[in-house]
Amino acid sequence: MTSELDIFVGNTTLIDEDVYRLWLDGYSVGDAVALRVRSGILEQTGATAAVLQSDTMDHYRTFHMLERLLHAPPKLLHQLIYQIPPSRQALLIERYYAFDEAFVREVLGKKLSKGTKKDLDDISTKTGITLKSCRRQFDNFKRVFKVVEEMRGSLVDNVQQHFLLSDRLARDYAAIVFFANNRFETGKKKLQYLSFGDFAFCAELMIQNWTLGAVDSQVDDMDMDLDKEFLQDLKELKVLVADKDLLDLHKSLVCTALRGKLGVFSEMEANFKNLSRGLVNVATKLTHNKDVRDLFVDLVEKFVEPCRSDHWPLSDVRLFLNQYSASVHSLDGFRHQALWDRYMGTLRGCLLRLYHD
Amino acid sequence: MPGKLKVKIVAGRHLPVMDRASDLTDAFVEVKFGNTTFKTDVYPKSLNPQWNSEWFKFEVDDEDLQDEPLQITVLDHDTYSANDAIGKVYIDIDPLLYSEAATVISGWFPIYDTIHGIRGEINVVVKVDLFNDLNRFRQSSCGVKFFCTTSIPKCYRAVIIHGFVEELVVNEDPEYQWIDRIRTPRASNEARQRLISLMSGELQRKIGLKVLEMRGNAVVGYLQCFDLEGESGLVVRAIGTACTLDKLSSPAAFLPACNSPSKEMKEIPFNEDPNPNTHSSGPSTPLKNQTYSFSPSKSYSRQSSSSDTDLSLTPKTGMGSGSAGKEGGPFKALLRQQTQSALEQREFPFFTLTAFPPGFLVHVGGVVSARSVKLLDRIHNPAFVGIMGNTRSYKLLDWNSFNSDEPETRDAWWAEIRQEIKSHAKALGCHAVVGYSESTSICEEVCILSASGTAAVLNPRFLQDGTVEGCLEQRLEENLPAGCGFCHIPYDELNMPFPAHLTYCYNCRKQKVPDVLFTTIDLPTDATVIGKGCLIQARLCRLKKKAQAEANATAISNLLPFMEYEVHTQLMNKLKLKGMNALFGLRIQITVGENMLMGLASATGVYLAALPTPGGIQIAGKTPNDGSYEQHISHMQKKINDTIAKNKELYEINPPEISEEIIGSPIPEPRQRSRLLRSQSESSDEVTELDLSHGKKDAFVLEIDDTDAMEDVHSLLTDVPPPSGFYSCNTEIMPGINNWTSEIQMFTSVRVIRLSSLNLTNHALNKNFNDLCENLLKSLYFKLRSMIPCCLCHVNFTVSLPEDELIQVTVTAVAITFDKNQALQTTKAHVEKSLQRASTDNEELLQFPLELCSDSLPSHPFPPAKEHLESASSNSGIPAAQRAVTVEKTSPMGEGNFRNRSAAPCANSTVGVVKMTPLSFIPGAKITKYLGIINMFFIRETTSLREEGGVSGFLHAFIAEVFAMVRAHVAALGGNAVVSYIMKQCVFMENPNKNQAQCLINVSGDAVVFARESELEVVSTQQPAANCQPACTGGEVTT
């Protein structure tokens, strides 16, 4: 006796959260059944393994059929085929678009192309996340990217509107899309200590201050691309390190203000010119795409690492950066105060977030 | 031109991409009704077109309005090649044809394609302007309401229950026409869908005409089925119960009847029926039976008299009751004689209802069933009689001469079976059959026709012309001890149709009752039940040799009696094992396959307080000398006894101990006897009646004389009870549970197994089948575990044998969560009550409120009587007339409430929730309006089975789509639920080698608007909850 066909269809579609999780995690039906058995469900319910198998198959089939709709969540809300309570719909969508930290770190800033997709095998082996799950997460990134790519308006709002995600998740996707679009390098060994949260934080600051949308909310792509004009203008900051007098003046202003307040004062004093040169050079190079991509590598190399090697505490980094940014306003010969603030305001936030072990 | 149909195509959404190049679609819509077609403009390059068309107007006969579906086809415009069809929507406009139902159909409908399934949605508005046509020779029957519900619908009351209506139409199946070889599967499927839609429209119209002839205005318990006879054609047949219903919200119809017996009202029956000598003349219409017309004023005087049985008065009205103690014998005969004559004039005194207005059902005799094996190939002529004018495309195929005999042949087959049922009922001393249903099972050219029902004695009050006096019921109920009257035997004790063991009723101790009662109806609301009920199934397979034509039919005919016997024995044993004594909702399905017959009987077992306690099961070995064998036997015996004890505990069956002295007659030894009369006939000739009882032998001794018998006993014990927190039944409600929450989940589950071995034995087959059903149930319990405590209600199993080695089981049921704490309390109270009732003769005590009511009603004004009623509610002995009073009060408000709601779904853009349930009610809610019948037929086919997820994926998606289309139609009618939903057919065929599969599904139900009880309470000062509890709903229907 073999079961040819075995289905269960409810007027309200039954969703089992546990099975949904297993499905999202990319387990095969067999593995999922084994995992469920291990969870002790048989003992709790008095069911048999055959019942569990049939139940799991059924849920998997349902999820498989729902997947098409999950690709465009508003469709899930308006479709007539599956009657699902709104709270369950929200749960289905939110879980489907959720991603693993380990996975997102691997693809963050990479081009969401076929080439990257081919590397998913390696990512799967490296992270221990099933290939199926990797594919789903990758496809989610790509799908969201494609939809919001050329859209007007706030990136987060667009993601939220077209994918009906929670605010938190929509922000994460905005960061992922932003990183993918600008292809920021995040995979270098130096950057391994950074979490997705760190990058997402930086992305949000950059979207708010460095994109076209920061100055004009009526343009296409406003949150996706960095403001080219702004990047061009950043060259003007060169004077801060190129003009020796200006540099010295800047240094003395910062040192005067921080004397006695900084635990690492002497190290700061010794390193000031290097650090300043590093931060300003990062700005001036941003006209080249290549250097934009290396932004985080540069920030870590030029600022985070030197400070870390001198064992600056975070509070000292904060004091220094505040003073470093503010002192420029007292430099009489420097005319690009607004530009400096737009640049340094964001950079300071990013650096503070990036500065940890 | 008696009608104008107006259609507007508003918009589409989620259309499929039809143009690969642009990833878009140039969609337009064809709207077709009858021979007229309109088209919208092409809306270019969009998956969400906004046509916003003008109103397309069709001027048509109302006959066509009833028969034809509105056909909407969405197409993709193609400049260079033929336009591609995206899909279709068929809309049955019948609900617009009677004033009380929907006024407009408006909403999003899934666009359905038989190959691709649902492909987007279309927004359509449909209206009908009907002109009154007083042509008495008209062919249409607009205005007759149809209900699938097998009880009087909740917001109506039955004025008269006229009786049985049936009709069938036959046509050639498009699938088997020569043209099918050259047309695409899509065209073939669509031809079939359209034909069946037409045929069911026509069928409904014809039944409507019969109802009008009987002067009724509604069909209740309408059941329409298809027989796919293959080469020999396609039969659509329907049965139902014609009624005259009154909407409860119209106070004029109600108040005079019960509260102020005005002269004018009373006169009506006489005016309409002036001919008093019906007995001899035999009037032409079955309705005119003057014998039972009586003056309401007379009855009034009578009902205000004391509760003493006054036989000199009662026989005149013919509706007193057969339970008046000592005089019972002769009186019963009189009653039977009189009611019989009322019903005898009907060809078939059958009722498809399973629940009845209080007082309607007097006695229940037992299950009657008849089966007949027919050969289909003997009739081989296409018939176009049914759908003249609509068969243009099929006329071509008329290579044979017209043969109008065919419908008659089918009619004759059924008439023969019905005749048999009628005679069985008669043998049980009953003049009517209730809970009546018909079914077929077809395999190749062999067809088994089955009919079954419950023989019963009915109160003729509801069956006659004129206003029924509700107040009379009090009289009736005074005489009939509440909750046990229906158990009393209707047949003559000295002249029993079969050997039966009778005892005095354990409730009233006056009348005789059988020790076991089998019925096909729902548990009467006033029945006293101890503990809870449970689903009981008997499952059976029998191998048969493959044979052709008559040899095959003969083989089947020979097997049938044995199957019925065994199914019956199994039911009886399982019932005993559960410690119960009655079965309700019994449905025995015999399915025929190439090489086997399957029998599946489902019923809900209960313990009726009026019936004696069932005895245990004794096991006896054939060879008593063997020591070890003895030991084994005694071990088995112990297991059985343990199981019975465990079940009694599980289902809370703890009947009160009754000493013999009180009973006044010795407690009988348990004996098996059968309420089941059945017979087979092959091609109609001989009627064999088989005595299913075991004669003098003590039936509950199971003899173990061979291994098979041993296995049978084992299999008895392997039925696992549902996990704790779960109950199941196949009736509407579960006795002992009455505090349902509003959480319901209707579902359909389908399983197909392939039998592995070639040398199957009956035994292995039985085991496979048994496992299949048990595992299916186990899976359901597991799936629905989040709803605990919960009850699976209306569990409906269907078995089919699609191929040689395949068994398909389809289950539809509804899971309802209940409140556990309350449940326990009420059960306890219930038990206590019955305890009380049984231990002390407190009939007078029970009667007290009744008498008070009857006295107070005529003299007192309205409100006090109502108050009184509320205090007495939930008890079974309330005079129905008074109950009706309270219900009546809610209705106008309910109506008002509906108006508020009906606008809401239209305004709402998001998808509204539509509940579906096989029950006739929605827990915790009140049905405020019936919008019309939903009767839909779909075919789905695929040539890429693997790509669609195999057979499971294919069928899963299809059933989900069918649900969606039902919901969409209900929502478009302005409704928010389907009640009495049933999946009548689910025919699945696969050919995995060709990567193909096909499935046909037929579903029906009643579209309704319901309002949550909590919402209603805001406006009403009604008694809480009780009003909508099924236990009390019967009251709405009376007067």
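**Backbone details, a sheet and chain A**

Modeller: B:Asn995 is buried, with a relative accessible area of 9%, where buried means under 20%, exposed over 50% and partly exposed in between, using a 1.4 Å probe and protein chains only. This is a predicted model, in which local features need pLDDT of at least 70 and side-chain atom pairs count only at pLDDT 80 or more, while totals for chains, interfaces and linings use all residues. Residues are numbered from 1 along each chain as its sequence is written, chains are lettered from A and ligands numbered from 1 in the order in which they are written, and side-chain values use heavy atoms, leaving out hydrogens and water.

Biologist: Where is B:Asn995 found?

Modeller: B:Asn995 is found in the loop between E31 and strand E32 (996-1012) of chain B, strands being DSSP runs (E, at least two residues) and helices likewise (H or I, at least four), numbered from the N terminus. Phi of B:Asn995 is near 65°, a positive value in a residue other than glycine.

Biologist: And B:Ser980, what is its phi near?

Modeller: Phi of B:Ser980 is near 50°, also a positive value in a residue other than glycine. B:Ser980 is found in strand E31 (residues 977-991) of chain B and counts as buried at 8% relative accessibility.

Biologist: Which residues does the cis peptide bond join?

Modeller: The cis bond joins B:Ile788 and B:Pro789, with omega about 0°, and B:Pro789 is found in the loop between H16 and strand E27 (790-803) of chain B.

Biologist: New topic: what order do the strands of the open sheet have?

Modeller: The four strands of this open sheet in chain B have the order E18-E20-E21-E19, with mixed pairing; two strands pair if DSSP finds at least two bridges between them. Strand E18 (517-518) and strand E19 (529-543) of chain B stand at the edges with a single partner strand each, so one side of each is left without a neighbour in the sheet.

Biologist: How many bridges pair E19(B) and E21 of chain B?

Modeller: E19(B) and strand E21 (residues 596-608) of chain B pair over twelve bridges in the antiparallel sense, and B:Leu543 stands opposite B:Met596 in E21(B).

Biologist: Last one, chain A: how many helices does chain A have?

Modeller: Chain A has 21 helices and one strand, and its C-alpha atoms fill a box of roughly 90 × 45 × 35 Å, taken along the principal axes. Of the 357 residues of chain A, 51% count as buried.
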